[in-house]
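Subject: Structure handover

Hello,

My notes on it follow below.

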Amino acid sequence: MFFNEEFETLPRPALEALQLKRLQSTLERVYANVPFYKASFDAAGIKPSIVTHLQDLQKLPFTTKQDMRNSYPYGLFAAPMDEIVRIHASSGTTGKPTVVGYTRKDITTWSELMARSFVAAGAHKGDIIHNAYGYGLFTGGLGAHYGAELLGASVIPISGGNTKRQIMIMQDFGSTVLTCTPSYSLFMAEESQAEGVDFKNLKLRVGIFGAEPWSEAMRTEIENKLNLSAIDIYGLSEIMGPGVAIECIEAKRGLHIWEDHFIPEIINPLTGELLPEGEKGELVITTITKQGIPLIRYRTRDITSLTYEPCVCGRTHARIARMSGRSDDMLIIRGVNVFPSQIESVLVGIEGIEPHYMLIVDRLGTLDTLTVQVEISELLFSDEIKVLQALSRRVEKEIKDMLGVTCTAKLVEPKTIQRSEGKAQRVIDNRKLV
Ligand code: DLL
């Protein structure tokens, strides 16, 4: 089953011809409208017209999250603000988020790609889609919502949280498709036991899970506990949001990336060199239809590989493997993207503590926990317990306020956190995904 059969099954020569045409017009657009791209192409001595084959893409410079940060908030937009109808944002490497803008056409495209993704996952018109991705600046909630509506399904915009109510609604409303992070789905399973609800008695058939790394072992666990078919969906706000790539229910082997809108490449994250098909490296994506904020060779930092082998489902679009990590230090804790540097910038602003810290991430049952160990300064060390407790609460509150993630602060004695002579190790991630 397809949502847009013609485009999802375009023979590769036609698909590649379309990509080239769309790439060329995107390059013209960014060169004319985005000072950053004009400057970066000029610095590399490149004019958009040098791209006459898809392979020429390699000649263009990369775009990074840092470039987006430097242009905060709207500097990379290629459309005037009066054409931007939606703004989303996600965590950046410091306190400021990465901001993206969508024109009306971008929203139409995104909705179509999400609708295609739903169909690839085995959903259809008539389904009741229980959308527990967060609604807000995060792209998950609204991205899935618009796709579900375009598909013609009935979408329940439940967003995240209040798990007991979620379970009651899934049961009473007869939800057939669940969309949320994989870890939240397992938490729901746990809570349902406490509530005396058995997922075997629910109508759920398909779960569409993403926004954070998970594993084949987790898929098996989710499928057993929730009694549904679990599908991996990938996306990132910089490129669009959810629906950049998705597994098809027929094969569940690799995620089809919608190549009539995105051109994927895999590079060696250290050298930037292009890697051959099948080799693992960093995924780089060029958007070829976006108007609001087109990105050329955007370094996602996600590690995967790419295959062009034909798929049993009939889609001709390449597949990326399940994400196997990141080439930077971003953590995803309960669906929130967190960079150690963001925590550091909160800590340095608090008097009485030193910028020596360690982040310990665990998975307690099905939920992630974050402990921030931080040294207190010599001056405070001998102080009263009350003062120290107040300081811990302050660290927890400021991290929650800035990053939106709940943590436990543990103050430790001065000079007890290991100093490093090279790259500081600031994260201990005890979550076992495989
Ligand atoms: O997480 C968009 C999304 C929403 C995707 C709902 C899927 C479902 P960001 O908050 O910008 O956007 O985070 C993007 O999350 O670069 C990956 O590191 C990670 N990520 C997203 N999907 C997957 C996945 C949304 N299926 C970042 N597997 C990306 C592993 C994923 N990591």
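**Backbone notes**

P73 sits in the loop between α4 (65–70) and β1 (84–90). Helices here are DSSP runs of H or I with at least four residues, strands are runs of E with at least two, and both are numbered from the N terminus. The peptide bond from Y72 to P73 is cis, with omega near -5°. R297 is not a glycine, yet has a positive phi of about 50°. Its place is in the loop between β11 (281–287) and β12 (298–304).

This is a predicted model: local features need pLDDT of at least 70, side-chain atom pairs count only at pLDDT 80 or more, and totals for chains, interfaces and linings use all residues. Residues are numbered from 1 along each chain as its sequence is written, and side-chain values use heavy atoms, with hydrogens and water left out.

**Ligand**

The ligand is surrounded by 23 residues. A residue counts here if one of its heavy atoms lies within 4 Å of the molecule. The closest are D232, I233, S237, D302 and R326.

- D232: an N or O atom of the side chain is 2.8 Å from a nitrogen atom of the ligand.
- R326: a polar side-chain atom is 3.0 Å from an oxygen atom of the ligand.
- E212: a polar backbone atom is 3.3 Å from a nitrogen atom of the ligand.

On its own, the ligand has 610 Å² of accessible area, and the protein covers 96% of that. Areas come from the Shrake-Rupley method with a 1.4 Å probe. β7 has the largest share, five residues. By class, the shell has 11 nonpolar, seven polar and five charged residues. Nonpolar means Ala, Val, Leu, Ile, Met, Phe, Trp, Tyr, Cys and Pro; charged means Asp, Glu, Lys and Arg; the others, Gly among them, are polar.

**Pocket and cavities**

Rolling a probe the size of a water molecule over the atoms shows where empty space is left. The search ran on a 1 Å grid over the protein atoms alone. A cavity is a set of points where a 1.4 Å probe fits but cannot get out. A pocket is an open set with protein on both sides within 12 Å along at least five of seven lines. Lining residues have an atom within 4 Å of a point. Points are joined across faces, edges and corners, and a volume is the space filled by probe spheres set on them.

The second largest pocket has a volume of about 440 Å³. It is lined by 21 residues, and L54, I263, P264, E265 and Y308 are the closest to its centre. α2 (12–33) and β10 (262–267) each give two or more residues to this lining. The largest share, five residues, comes from α2. The lining divides into 12 nonpolar, four polar and five charged residues.

There are three cavities of 30 Å³ or more. The largest cavity has a volume of about 70 Å³. Its lining includes Y102, W110, H261 and K290. Helix α5 (residues 104–120) gives the most to that lining, with three residues. By class, the lining has five nonpolar, three polar and two charged residues.

**Salt bridges**

The count is 29 salt bridges, each a side-chain nitrogen of Lys or Arg within 4 Å of a carboxyl oxygen of Asp or Glu. One of them joins D42 and K38, with the closest N and O atoms 2.7 Å apart. Both residues lie in helix α3 (residues 35–43), four residues apart, about one turn of the helix.

Best regards

Technical notes. Polar contact = N/O pair within 3.5 Å; in protein donor to acceptor, adjacent residues only side chain to side chain.
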